[in-house]
Amino acid sequence: MNNQPDTKSKNTFYLICKVLSLAGFLLFVNPLQAQIQDEFTPRTGQLTSVGKTGFPFAAQSFYSNVNVVRHIGIWLAESSPQGQVTISIAPDLNGYPNLNNILYESSLMDPGPLGQWFIDSSLTLSVIQGQKYWILADGYNNAGSSGAAHVGTSSSFTDTGEDLIYALNALPTWDTLQGSRLAIRVNGDTCSFAGNIFVNSIASFCQGDSAQLVANPGFAQYLWSMGDTTSSIWVSSAGTFVLTVFDSLGCAAIDTGYAFSYGAPNFSLGPDLEDCPSTQFDLTAPLGAYTYLWSTGDTVFTIRVDQEGTYYLEVTNVFGCTGIDSVEVTLLPTPSPDLGGDSLICQGKVRVIDAGAGYSSYFWSDGQTTRSVVVTTTGSVSVVVLDSNGCLGSSNTVKTTVVPRPGQPTISKNGDLLTASQAFAYQWLLETSPISNATAQTWFPLATGNYAVQITDTNGCTNQSTELYVVTEVGMDDIPGGFSPNGDGINDYFEVVGLEFFPGNEFRVFNRWGNVVYETTDFQGAWNGMGNSGKPLPDATYIYILDLKNGAPPFQGTVVINR
């Protein structure tokens with residue numbers, strides 16, 4: 001801003017000579033240069049009897065063109081050499097002097113020659129430029145005065161054009177002396193200002209931020225419109241900020257700073273994104289006069305991403321204000337059905353391969369579209385599934401190998417003993433049901449019925465023999481009625497065949513008086529006639545009880561020992 005005076009002595013910014021505080025307000029005045037000069041105005045007309053005791057005192061209004069008054073005066077022709085005059089300045093109150101707020105009152109001034117200016121140059125009175133004031137003239141000792149004249153104009157004051165007023169009492173009650181004006185003079189200081197007030201008078205910032213308005217250094221005082229007194233201020237809201245500066249002579253200048261607040265770009269990258277793996281996402285910035293900075297480092301309008309994570313975008317407008325938004329990219333889990341491992345199946349068997357539940361569609365490598373497939377031949381298979389999110393996933397590939405079954409086993413019978421042909425493992429069956437603990441190559445039948453054997457090879461494949469009907473059980477016909485334990489090798493033992501297949505059996509022998517003379521458990525079917533005492537029992541007829549502990553009634557009979 002150019003603040004040098006132009007050729008018409010009008011400054012491009014406000015010049016004021018003082019800032020004063022009246023009634024608690026800071027007031028600023030318009031710029032004009034003040035000149036110290038007499039008021040060479042016509043002094044025509046008459047004003048008589050200026051005094052306090054029974055005589056009037058007079059007042060003349062004017063507008064101040066300065067803000068510091070250093071000389072005041074009136075033009076009077078004293079008619080009495082004893083009379084004295086005081087000159088006062090009062091503000092205006094509803095068109096009349098405010099005598100309750102006298103701003104300045106001079107000392108008594110002695111009379112002088114007729115037609116003399118009574119001048120007081122001992123004051124420094126701050127006033128408000130452009131405001132209405134009154135000069136009051138008051139005589140003492142009934143001094144008669146004359147010399148009223150038309151009020152002229154000067155650079156220090158402007159005539160209000162109002163008539164002279166006077167009062168005859170101290171209340172006062174004012175009267176108008178129409179057509180007459182008191183010749184007054186009001187002189188102040190001349191102020192001039194050069195140079196810029198502001199270093200920067202415009203502060204631009206983003207909402208929520210602040211910036212500085214900075215004045216030039218070197219002024220004696222600074223006064224901002226909000227009351228700050230520093231050379232610079234931080235502002236955080238838009239508006240105009242008036243600054244008044246004062247030099248060392250008390251002269252002041254006014255300039256205005258401007259603050260502009262700009263909003264950040266308001267935008268959205270949209271809702272968070274999720275999709276199947278391998279999906280590519282296009283993230284797009286808002287249109288406008290912006291610059292862009294993505295968290296990937298890209299500065300383009302649109303970026304394409306294929307990794308999950310949080311992506312940020314900073315958008316900056318032409319005012320340097322930045323808005324930020326983010327979007328979360330989530331890659332959904334890939335379906336991964338597990339078909340298990342490779343497997344062998346025996347010829348004639350099937351393998352069911354299950355892809356598992358929870359998928360919308362199944363696409364097997366052999367063309368099937370069911371959840372599971374049945375495999376009967378050697379080969380490999382895999383599946384692609386579609387889940388509820390629309391994502392595809394592939395399984396592992398499993399191989400199935402069909403191996404031959406072992407040959408059909410045979411059973412040979414040696415007495416009551418059954419023997420299977422050679423194999424890896426055995427399971428004997430009676431009437432097609434497995435016999436508990438019958439897993440050896442041989443088996444001694446315990447009951448009459450159809451016997452078979454199932455064999456298993458090292459691959460877990462099985463085959464079963466044809467059934468063999470066997471009649472074999474312990475009965476009364478199998479228990480001898482007597483024996484001769486004399487050591488001749490002939491019929492020396494009481495023998496019962498097959499008792500080894502009845503573990504836990506009990507065998508007891510009683511004499512004719514009912515006494516137990518011999519007893520044993522797990523009887524193996526060969527008794528030599530010894531008693532419980534370890535001595536041979538005498539020849540006699542004895543009673544025996546044989547309990548097989550198989551749920552059947554015990555066998556009971558007599559046996560004769562005859563040596």
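At 39% relative accessibility, D539 counts as partly exposed; the class covers values between buried, under 20% relative accessible area, and exposed, over 50%, with a 1.4 Å probe and protein chains only. D539 forms a salt bridge with R563, and the closest N and O atoms are 2.7 Å apart. A salt bridge here is a side-chain nitrogen of Lys or Arg within 4 Å of a carboxyl oxygen of Asp or Glu. Because D539 sits in the loop between β50 (526-527) and β51 while R563 belongs to the segment after β52, the pair ties together parts that are 24 residues apart in sequence. R563 is partly exposed as well, at 36% relative accessibility. The model is a predicted one, in which local features need pLDDT of at least 70 and side-chain atom pairs count only at pLDDT 80 or more, whereas totals for chains, interfaces and linings use all residues. Residues are numbered from 1 along each chain as its sequence is written, and side-chain values use heavy atoms, with hydrogens and water left out.

A search of the whole structure finds 7 salt bridges. Among them is the pair E506 and K549, whose side chains meet at 3.7 Å, N to O. E506 lies in strand β48 (residues 506-510) and K549 in the loop between β51 (540-547) and β52 (555-561), so this contact ties together parts that are 43 residues apart in sequence. Strands are DSSP runs of E with at least two residues, helices are runs of H or I with at least four, and both are numbered from the N terminus. E506 is partly exposed, with a relative accessible area of 29%, and K549 falls in the partly exposed class at 46%. K549 also meets the side chain of D547 in a salt bridge (3.5 Å, N to O). D547, at 17% relative accessibility, counts as buried. Elsewhere, salt bridges that share partners join D92, K132 and E162 into one network.

R351 is buried yet has no salt bridge, and D342, the nearest side chain of opposite charge, is 5.8 Å away. What does the side chain of R351 make a polar contact with? The partner is the side chain of T400, at 2.8 Å. A polar contact is a pair of N or O atoms within 3.5 Å; within protein, one must be able to donate a hydrogen and the other to accept it, and residues adjacent in sequence count only if both atoms are side-chain atoms. R351 is found in strand β31 (residues 351-354). Leaving aside residues up to four places away in sequence, R351 touches a set of residues including L339, I345, V374, V398 and K399, where contact means heavy atoms within 4.5 Å.

Turning to sheet architecture, 3 strands form an open sheet in the order β30-β37-β34, with mixed pairing. Its edge strands are β30 (343-346) and β34 (379-381), each of which pairs on one side only. Neighbouring strands of this sheet are turned by 30° against each other on average, direction ignored. Strands β34 and β37 (residues 398-403) run antiparallel and are joined by 3 bridges; two strands pair if DSSP finds at least two bridges between them. Within this arrangement, V381 stands opposite V398 in β37.

Over the protein chain, the secondary structure comes to 0 helices and 52 strands. Of its 563 residues, 41% count as buried. Residues 24 or more positions apart account for 60% of the chain's contacts with a separation of 6 or more. One of the buried positions is A452, with a relative accessible area of 3%, in strand β43 (residues 449-456). A452 and Q464 are 12 residues apart in sequence and 7.1 Å apart in space, C-alpha to C-alpha. A452 touches Q464, and its other contacts include I411, W428, L429 and E467, not counting residues up to four places away in sequence.

Two loop residues have backbone angles worth checking on screen. Phi of S278 is near 75°, a positive value in a residue other than glycine. S278 lies in the loop between β24 (273-275) and β25 (281-284) and is exposed, with a relative accessible area of 69%. E431 likewise has a positive phi, near 55°, and is a residue other than glycine. E431 belongs to the loop between β40 (425-430) and β41 (433-434) and counts as partly exposed at 40% relative accessibility.

Technical notes
Lys, Arg positive; Asp, Glu negative; His and termini not counted. Axes fitted to C-alpha atoms, helices over the stretch in contact; angles between N-to-C directions.
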